[in-house]
Amino acid sequence: MMVIVGAHLGLHWSRVMAMVRTTLRLSLGDSARTLVLRIAAALLAGFGLWSFSVLGVWGKLTFTYSLDFWDFTAAVTPFFGHWAGVVSLPAIITHYGMMVLGSRRTAPKALQQERQAGEAASRDAARA
């Protein structure tokens with residue numbers, strides 16, 4: 001279930017960041033901040049992969065038989081931290097996957113627009 005929540009969060013991540021940017025009154029397009037946040041996303045994705053194995057999420061997704069019970073002697077904070085990592089991994093993958101798919105769709109349109117603009121410019125030059 002948390003994987004689906006993470007994928008849904010990744011689909012709407014641009015909206016989340018726009019809301020945070022508006023709330024904190026941040027400027028758009030600082031390349032250094034973008035680089036730092038992408039590195040942080042990569043580190044968080046690595047933590048999410050590790051959390052998948054720590055919590056045995058793959059076994060739960062494939063309905064593998066297990067006798068996992070709550071360990072009442074273990075700390076609670078790492079448990080919720082690992083689940084945050086589990087949610088963040090599909091969110092990051094979905095967000096950047098949609099960015100790649102979106103850039104692949106818009107690239108041919110941009111080339112067509114350039115080509116049409118070039119043809120229009122050459123027609124205008126021929127008429128003049």
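This is a predicted model: local features need pLDDT of at least 70, side-chain atom pairs count only at pLDDT 80 or more; totals for chains, interfaces and linings use all residues.

Me: How many helices and how many strands does the secondary structure of the protein come to?
Reply: Read along the sequence, the pattern is α-α-α-α-α. The count is therefore made up of helices, by DSSP runs. The totals are five helices and zero strands.

Me: What percentage of the contacts with a separation of 6 or more is between residues 24 or more positions apart?
Reply: A contact here requires heavy atoms within 4.5 Å. Among contacts in the protein with a separation of 6 or more, the share from residues 24 or more positions apart is 81%.

Me: What share of the residues of the protein counts as buried?
Reply: The accessible surface comes to about 10100 Å², and 69% of this area belongs to carbon and sulfur atoms. A residue is buried when its relative accessible area is under 20%. Of the 128 residues, the share that counts as buried is 16%.

Me: Is His-82 buried or exposed?
Reply: His-82 is found in helix α5. Leaving aside neighbours within four places in sequence, His-82 is in contact with Phe-47, Trp-50, Ser-51, Val-54 and Leu-55. The relative accessible area of His-82 is 10%, and the cut-off is under 20%, so His-82 is buried.

Me: Does Phe-63 count as buried or exposed?
Reply: Phe-63 lies in the loop between α4 (57–61) and α5. Its phi is near 60 degrees, a positive value in a residue other than glycine. The relative accessibility of Phe-63 is 75% and the cut-off is over 50%, so Phe-63 counts as exposed.

Me: Which helix supplies the largest share of the lining of the largest pocket?
Reply: The largest pocket has a volume of about 700 Å³. Its lining has 24 residues, and Trp-13, Met-17, Leu-37, His-95 and Tyr-96 lie nearest the centre. At least two lining residues come from each of α2 (13–24), α3 (31–55) and α5 (76–127). The largest share, seven residues, comes from α3.

Me: How many residues of the lining of the largest pocket are charged?
Reply: The lining of the largest pocket divides into 14 nonpolar and six polar residues, besides the charged group. For the charged residues, the number is four.

Me: Which helix gives the largest share of the lining of the second largest pocket?
Reply: The second largest pocket has a volume of about 280 Å³. Among its lining residues are Val-54, Leu-55, Pro-78, Phe-79 and Trp-83. Both α3 and α5 supply at least two residues of this lining. The largest share, three residues, comes from α5.

Me: How many polar residues are in the lining of the second largest pocket?
Reply: Nine residues of this lining are nonpolar and three are charged. Asp-68, Asp-71 and Lys-60 are among the lining residues.

Technical notes. Residues are numbered from 1 along each chain as its sequence is written. Side-chain values use heavy atoms; hydrogens and water are left out. On a 1 Å grid over the protein atoms alone, a cavity is a set of points where a 1.4 Å probe fits but cannot get out, and a pocket is an open set with protein on both sides within 12 Å along at least five of seven lines; lining residues have an atom within 4 Å of a point. Grid points are joined across faces, edges and corners, and a volume is the space filled by probe spheres set on the points. Helices (H or I, at least four residues) and strands (E, at least two) are DSSP runs, numbered from the N terminus. Ala, Val, Leu, Ile, Met, Phe, Trp, Tyr, Cys and Pro count as nonpolar, Asp, Glu, Lys and Arg as charged, and the others, Gly among them, as polar. Buried means under 20% relative accessible area, exposed over 50%, partly exposed in between (1.4 Å probe, protein chains only). Accessible areas come from the Shrake-Rupley method with a 1.4 Å probe; for residues, only the protein chains shown count as cover.
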